[in-house]
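Please look over the sequence and the structure shown here before reading on. The report that follows takes up a few topics in turn, each under its own heading.

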Amino acid sequence: MLPLDALIREAEIAHGHLCAGQILGVRMAMLGLAKLGIDDPRGNKEDRKRLVTFVEIDRCATDAIGVVTGCRLGKRALKFRDWGKMAATFVDLAANVKSDRPRVGVAQRFSAAIIDPLPTAALAAEGQPGARLKPSVALSGSAADHWYKAIRIAAKESSKQLARELHPEIENKNQQQMLAYRELSDDDLFITQWVRVELPPEEFPGYKSDRITCAQCGEGINFHREVLRDGRILCCSCAGEKYYETL
Ligand SMILES: [Zn+2]
Ligand SMILES: [Zn+2]
């Protein structure tokens with residue numbers, strides 16, 4: 001792994017400016033990688049394929065985490081959970097762990113497809129182009145097999161206060177935090193917890209899926225994001241999860 005200063009420099013270039021959030025993000029990612037024993041997530045092929053990162057906020061630190069880990073949204077290695085929390089979970093795909101829990105979490109948003117019993121009409125439609133149904137629970141085998149060991153790291157609320165105490169001489173808050181976040185220990189900055197994360201095959205970076213067509217809008221759907229509603233295979237939008245309105 002590159003040293004802190006080199007990674008901060010890279011993060012600054014990628015993000016467009018240097019800020020306290022960048023430094024916190026770089027430190028958080030470095031700690032996550034160290035905990036998992038992943039040294040070179042952006043180069044070494046073994047290490048590169050070992051990591052998926054969940055981020056819980058879309059702020060400055062998120063960009064830095066992407067830079068340090070090499071995990072990007074477009075590679076499906078960066079997963080965004082919009083919880084407004086300065087936290088990230090680093091998942092080690094080489095550390096498969098078992099769980100007896102029923103499928104939740106990653107698959108939560110597909111719950112409609114999972115709990116909805118398959119009606120005969122939909123089953124009959126299988127094999128017809130543009131009308132295939134593959135709820136993720138059906139294609140993923142045993143749900144117990146798709147859990148991976150991970151380290152979740154959250155920034156402590158107290159770190160801003162610690163920055164004030166460490167560098168009261170610096171008036172500018174961003175400058176004060178930038179320096180303090182370089183100097184403070186991991187324990188001062190972060191809470192860590194070992195967790196397991198459900199990651200079925202269709203959530204993996206290199207997963208190849210068939211394209212399914214929405215019965216209502218006709219648009220293509222990848223990665224089994226289709227939803228079964230009243231016997232029809234719909235995209236999330238047509239199923240009611242719309243984030244936009246047509247003008
Ligand atoms: Zn920033
Ligand atoms: Zn649709």
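This is a predicted model: local features need pLDDT of at least 70, side-chain atom pairs count only at pLDDT 80 or more; totals for chains, interfaces and linings use all residues.

Because Arg152 lies in strand S4 (residues 147–155) and Glu56 in the loop between strand S1 (51–55) and helix H4 (60–69), the pair ties together parts that are 96 residues apart in sequence. Arg152 counts as buried, at 14% relative accessibility, and Glu56 counts as buried as well, at 5% relative accessibility.

A salt bridge is also formed by Arg27 with Asp186, where the closest N and O atoms are 3.0 Å apart. This pair links distant parts of the chain, since Arg27 belongs to helix H2 (residues 20–36) and Asp186 to helix H10 (residues 186–189), 159 residues apart. The two partners can be described by their accessibility: Arg27 counts as buried at 10% relative accessibility, whereas Asp186 counts as partly exposed at 29%.

## Further charged pairs

Arg225 forms a salt bridge with Glu203, and the closest N and O atoms of the two are 2.9 Å apart. Here too the pair links distant parts of the chain, with Arg225 in the loop between S7 and strand S8 (227–229) and Glu203 in the loop between strand S5 (190–198) and S6, 22 residues apart. Glu203 is buried, with a relative accessible area of 3%.

Elsewhere, Asp47, Arg50 and Asp92 are linked in a network of salt bridges. The count of salt bridges in the model comes to nine.

## The zinc ion with four cysteine donors

The zinc ion (ligand 2) is coordinated by the SG atoms of Cys214, Cys217, Cys235 and Cys238, at 2.3 to 2.4 Å. The four donor atoms around the zinc ion (ligand 2) subtend angles of 101 to 116 degrees, and the arrangement is therefore tetrahedral. For comparison, the ideal angle for four tetrahedral donors at a metal is 109.5 degrees.

Along the chain, the donors of the zinc ion (ligand 2) follow the spacing C-x2-C-x17-C-x2-C. Among them, Cys217 and Cys238 link distant parts of the chain, with Cys217 in the loop between strand S6 (212–213) and strand S7 (220–221) and Cys238 in the segment after strand S9 (232–234), 21 residues apart. Cys217 is partly exposed, with a relative accessible area of 34%.

## A pair of helices

Two packed helices are described by the angle between their axes and the distance between the axes. The axes of H2 and helix H9 (residues 173–183) come within 8 Å and cross at roughly 15 degrees, which means that H2 is roughly parallel to H9. The crossing of H2 and H9 is left-handed.

Methods: Residues are numbered from 1 along each chain as its sequence is written. Chains are lettered from A and ligands numbered from 1 in the order in which they are written. Side-chain values use heavy atoms; hydrogens and water are left out. Donors are N, O and S atoms within 2.8 Å of the metal (3.2 Å for Na, K and Ca); water is not among the atoms, so sites may look incomplete. Four donors count as tetrahedral if all angles lie between 85 and 135 degrees; four count as square planar and six as octahedral if opposite donors are over 155 degrees apart and all others between 65 and 115; anything else is irregular. Helices (H or I, at least four residues) and strands (E, at least two) are DSSP runs, numbered from the N terminus. Buried means under 20% relative accessible area, exposed over 50%, partly exposed in between (1.4 Å probe, protein chains only). A salt bridge is a side-chain nitrogen of Lys or Arg within 4 Å of a carboxyl oxygen of Asp or Glu. Axes are lines fitted to C-alpha atoms, for helices over the stretch in contact, and angles run from 0 to 180 degrees between N-to-C directions. Angles under 35 degrees count as roughly parallel, over 145 as roughly antiparallel, 65 to 115 as roughly perpendicular and the rest as oblique. A crossing is left-handed if the near helix is turned anticlockwise from the far one by less than a right angle, and right-handed if clockwise.
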